Each structure stands twice: as structure tokens, then as C-alpha cells.
Amino acid sequence: DEIHSRNKVAELYSTKINDTYLKQFIPSGNVSAWAQYSILANSMEHRDRVILELKNNNIPSAIYYITPLHLQTVYKNLGYSNGEYPISEDVSSRIFSIPMHPYLENEDINKICEIINAVR
């Protein structure tokens, strides 16, 4: 089924992407639908270099929450400011998502991982 296939793709990503990146962890006994596969680069600059290299190879990527929730315009009335949630701010500056769907071929996964692993 589709969720099983997505979990296989995620498992391959988790195995093949090197430890330069922080990868998602799903505790034993749990299953994820893997709507996205997101990883953390070392810095915003590192993330930007990876995204550019993926783009240069016609591989899409996405940053779903480039602005942390507490700093988004919709929550401006709550009075939050930069620095109040440093972990959220750090994660949003380094996170990005790579292609995730149940129909990714091993060849595509390998190419994506090779590109990501080569960027320092």
C-alpha cells in the first residue's frame, strides 16, 4: 500500500543520507504517513547550497515553514518577537524537504542522496 511504500522510501533516505544532516526519527512501533521527508542542514547557508545543487539537477525541494509560526503575520497580535523561541527559529532556518512519494525509484533516491551528501 501507499503508506508502506512511503515508509520504504523514508527508510532508504534515512540510511543513505549521511550524518551531516539531522534526520527525522519515528519511534519503534509507530508508522508515519511521510507527507514530507524533512532534514536539517548545518546552517541556513548550508541549506541554501543544498537546495541550489538540487535545483541545478532538476530536483525539487521545499521549505514549508521558512518563518517560524510565532513570527508569522497572522500571529503578530500575540506580540512575539525574534529570539523568544530560539529552537523553533533555528529549525526553521535549517529545515528543508526533499521529494517524497511512494513512486520514487531507487535510482532517483540514490541521485538525491548523492547530491545532498556531496554538499558541505
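1. A word on burial before anything else: a residue is buried under 20% relative accessible area, exposed over 50%, and partly exposed in between, with a 1.4 Å probe and protein chains only. Please keep in mind that this is a predicted model, where local features need pLDDT of at least 70, side-chain atom pairs count only at pLDDT 80 or more, and totals for chains, interfaces and linings use all residues. Residues are numbered from 1 along each chain as its sequence is written, and side-chain values use heavy atoms, with hydrogens and water left out.

2. Let me start with Arg 6, which lies in helix α1. Is Arg 6 buried or exposed? Arg 6 counts as buried because its relative accessibility is 15%. Beyond residues up to four places away in sequence, Arg 6 touches Ala 33, Trp 34, Ala 35, Met 100, His 101 and Pro 102; contact here means heavy atoms within 4.5 Å.

3. Now the overall layout. The protein has four helices and three strands, and from the N terminus on the elements run α-β-β-α-α-β-α. These elements are DSSP runs numbered from the N terminus: helices are H or I with at least four residues, strands are E with at least two. The C-alpha trace spans about 45 × 35 × 25 Å along its principal axes. Of the 120 residues, 32% count as buried. Among contacts between residues at least 6 apart in sequence, 71% join residues at least 24 apart.

4. The sheet is open, with three strands in the order β1-β2-β3 and antiparallel pairing. Two strands are taken to pair if DSSP finds at least two bridges between them. The edge strands are β1 and β3, each pairing on one side only. Strand β1 (residues 22–23) meets β2 over two bridges, while four bridges join β2 to β3. Ile 39 is a handy landmark in β2: Lys 23 stands opposite Ile 39, and the bridge partner of Ile 39 in β3 is Phe 96.

5. Strand β2 is covered on both faces, with Tyr 37 and Ile 39 buried on one side and Ser 38 and Leu 40 buried on the other. What is the relative accessibility of Ser 38? The value is 14%, so Ser 38 counts as buried. Leaving aside neighbours within four places in sequence, Ser 38 is in contact with Gln 24, Ile 95, Phe 96 and Ser 97.

6. In soluble globular proteins, nonpolar side chains tend to be buried together. Here, the largest nonpolar core has 22 residues, and those with the most contacts inside it are Tyr 13, Ile 17, Tyr 21, Tyr 37, Leu 54, Ile 98 and Ile 116. The elements giving two or more residues to this core are α1 (2–16), β2 (37–40), α2 (44–56), β3 and α4 (106–118). Its largest share, five residues, comes from α4. By nonpolar core I mean a set of buried Ala, Val, Leu, Ile, Met, Phe, Trp, Tyr and Cys residues joined through side-chain atoms within 4.5 Å.

7. Tyr 13 deserves a look in your viewer. Not counting residues up to four places away in sequence, Tyr 13 touches Lys 23, Tyr 37, Ile 98, Pro 99, Met 100, Leu 104, Ile 109, Ile 112 and Cys 113.

8. Helix α3 has four names to check: its buried residues are Glu 89, Ser 92, Ser 93 and Arg 94. These residues pack against β2, α2 and β3.

9. For contrast, take Asp 48, which lies in helix α2. Asp 48 counts as partly exposed because its relative accessibility is 40%. Asp 48 and Lys 76 are 28 residues apart in sequence and 27 Å apart in space, C-alpha to C-alpha.
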